[in-house]
Structure formats: structure tokens, C-alpha cells
Amino acid sequence: MASLEPVRSLAERVLGQVRKVVYGLDEQLKILLASLLAEGHVLLEGVPGVAKTTLAKAFASSMSLSFKRIQFTPDLLPSDVIGTMVYDQKSGEFRLKKGPIFANIVLADEINRASPRTQSALLEAMQERQVTIEGNTLRLPEPFMVVATQNPIEFEGTFPLPEAQLDRFLVKIVVPRPSREVLKQVLRNYGVIREWPIEPVATAEDVLEARRAVWSVRVSDSVLDYIVEIVEATHRHPHVRLGGSPRAAIAMQQLSRALAAMEGRDYVIPDDVKLAARYVLPHRIILKPEAEVEGVTPEAVVEEVLKSVPTPVP
């Protein structure tokens, strides 16, 4: 079996660079990188000004990956995202004008502000790693990851993402307000942050090689049973109307593999699964109306499920 030391080294180098401009988000950074290695997409949720854009940009810069930012607005069209055919007066022919979706890391800023039609333009790109323009199917660059952001407190003029599209995101990462100590650190180092000290410490090929290595991480039958039981337990929970899908179970397995590889391990342990579940399941769980009225959250349900399911002994 191939050594996973290169994956661990990649994670150490990349996270070290991103921490130069993003403070107090160690676990969230770890999940973001693991999601890329697991070939998934990320939904970032947080109020304005908590460094969501900085996080995505630093992440791409540290690995020499191309980065594009799309500001989603109600008047944004699908062609503004994927591209279109334009008429060239000089040649008298139509030529392809690629949209910003053709990048390694695509930041879909405030995705819930766009119309459902424009949101759906991302579905083929996220699932198939390709787009279709005027009947022409074009492959997207590899690696490819969508990092979408949404504001959890401002709903006027927004179009909430449907469950089918939420399910396409491997994880949802909630970016919290910084603590007093972290905010002071940001203020003290703001001059350094503005100078953008991020240095490229990896390449796209390094990422692709790490992705291939992740597939070599073993998942034992007892851990597979643990993943299945966690997902099944979300369906049995009294506050849940719809629990985790089969895609949720696959996402937990792949994210757990990536987390193990980043630690240099060639096998998944229950702690990997627990950490993965906290980011994979909440946005896939639909609560009963009465539970929402009582203030129950999907995150609280996941914690109850993790406590109720026996942890397998390695």
C-alpha cells in the first residue's frame, strides 16, 4: 500500500499557509481541505465579515489553483456562470466564451440570492464535473470544487437552496463569529493580512495525487456498520422528518478517509466518522415542523444520534 505521508505533508503545508490570514478556524480549515481531497463541494454559512471569501481565496492560493469568484444576485443568468456562444464580427462566426465556472476553486458568493434557474446551472458542474453550452459538453478543470456561501440571518430577497441541491454539497461548514482573543489577533496582524503572505506550497498535481491516495485508506466492516447505523438513526429520531440519504453515508465514508489520510493513517477510526458526521449530516436532515418551533436544530439532532449509537471497538 502506498505511503500516506505525502498527504499528511500536503495538509500540514497548506493549512500552515492558510493560517497566516485566517485565525481561529483550525477545525473548519481541516474539513475544507478534507472535502477537496474527498472530491466534494462545500457550503460555507456565516454572517458577513467572518472571512469566508478570504478563506476560499487563501485556500486556492496555497495550492497554485485557479480561483474565480461569482457574486450571485437575483438578475444573474445561467450563462453568466457557465458561459455562452458570442458572435465574432471579425470572423463572422460564433465562438465560445467560457464563464467563471472554469476554475479549480469557484466561490459562489451568496448563492441563495440567485434564482432557482441560475442555482440549477451549478448542478451539472458539481455532479458531473462538466457543463453543456449550446449542446457542447465541456469538461471542467481538475481538481474542481465549488465553495458556496450563504448568510444565515438575511432572508429578504433570497431563494433558499432546495434539498436536492443541498445534498450535492459534501459538507456544510458554519463559520462562527471570532472570539475576543481571535478578533484582537486579526486587528494586530491586519497589516500582514493585507499584504497577502500566502505562498504556493503545492500544485494541482499534488492535490490529484493526494486524492488518489485517499482511495487506498481502508474502512473496516465495523466502521462501515457504524456509518450505516448513524445514518439509519437519523431516520428514527423523533424530531426528524427526513434523515440522511445514501449520498450522506457515502460522503461520511469519503470524508472520513480523507481525514485519516491527512493524519497519515491508512485506516479509518470511529473518531474520523464522528467528526465527518458533524459536517456531513446537519444540512441533509429535515426536521418536523413542531421540532423547529421548539428550537431544535439539526446539529443538536446529530449530537444526540452520535451519543446514542455505540462506538465500535477498534
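E110 is partly exposed, at 23% relative accessibility; the class covers values between buried, under 20% relative accessible area, and exposed, over 50%, with a 1.4 Å probe and protein chains only. The model is predicted, so local features need pLDDT of at least 70 and side-chain atom pairs pLDDT 80 or more, while totals for chains, interfaces and linings use all residues. Residues are numbered from 1 along each chain as its sequence is written, and side-chain values use heavy atoms, without hydrogens and water.

The backbone of E110 has a phi near 55°, a positive value in a residue other than glycine. E110 lies in the loop between β5 (105–109) and α5 (116–128). Helices (H or I, at least four residues) and strands (E, at least two) are DSSP runs, numbered from the N terminus. W196 also has a positive phi, about 55°, and is not a glycine. Its place is the loop between α8 and α9 (204–214). W196 counts as partly exposed, at 25% relative accessibility. Most residues other than glycine have a negative phi, and most peptide bonds are trans. The peptide bond from E142 to P143 is cis, with omega near 0°. P143 sits in the loop between β7 (136–139) and β8 (145–150).

W196 also takes part in a charge–ring contact. The charged end of K57 sits over the ring of W196, 5.1 Å from its centre. The criterion is NZ of Lys or CZ of Arg within 6 Å of the ring centre and within 35 degrees of the ring normal. The charged end of R265 sits over the ring of Y267, at 5.8 Å from the ring centre. Aromatic pairs number zero in the structure; a pair requires ring centres of Phe, Tyr or Trp (its six-membered ring) within 6.5 Å, with planes under 30 degrees apart counted as stacked, over 60 as edge-to-face and the rest as tilted.

Two helical residues were examined for contacts across the sequence. P78 belongs to helix α4 (residues 78–82). P78 is buried, with a relative accessible area of 16%. P78 and A121 are 43 residues apart in sequence, yet their C-alpha atoms are 5.6 Å apart. S61 belongs to helix α3 (residues 52–62). S61 is partly exposed, at 24% relative accessibility. Its C-alpha atom is separated by 9.1 Å from that of Q17, 44 residues apart along the chain.

The largest pocket has a volume of about 620 Å³. Of its 23 lining residues, the closest to the centre are E45, Q150, L166, K172 and H283. A pocket is an open set of points on a 1 Å grid over the protein atoms alone, where a 1.4 Å probe fits, with protein on both sides within 12 Å along at least five of seven lines; lining residues have an atom within 4 Å of a point. Grid points are joined across faces, edges and corners, and a volume is the space filled by probe spheres set on the points. β1 (42–45), α6 (163–166), β11 (286–287) and α14 (298–308) each supply at least two lining residues. The lining divides into 12 nonpolar, six polar and five charged residues. Nonpolar means Ala, Val, Leu, Ile, Met, Phe, Trp, Tyr, Cys and Pro; charged means Asp, Glu, Lys and Arg; the others, Gly among them, are polar. The largest pocket lies between domain 1 (40–182) and domain 2 (217–308), because both give residues to its lining. Domain bounds come from an automatic or database domain assignment.

The second largest pocket has a volume of about 400 Å³. V21, G49, V50, A51 and V186 are the closest to its centre among 21 lining residues. Helices α7 (180–188) and α8 (190–194) each supply at least two residues of this lining. The lining of the second largest pocket holds 15 nonpolar, four polar and two charged residues.
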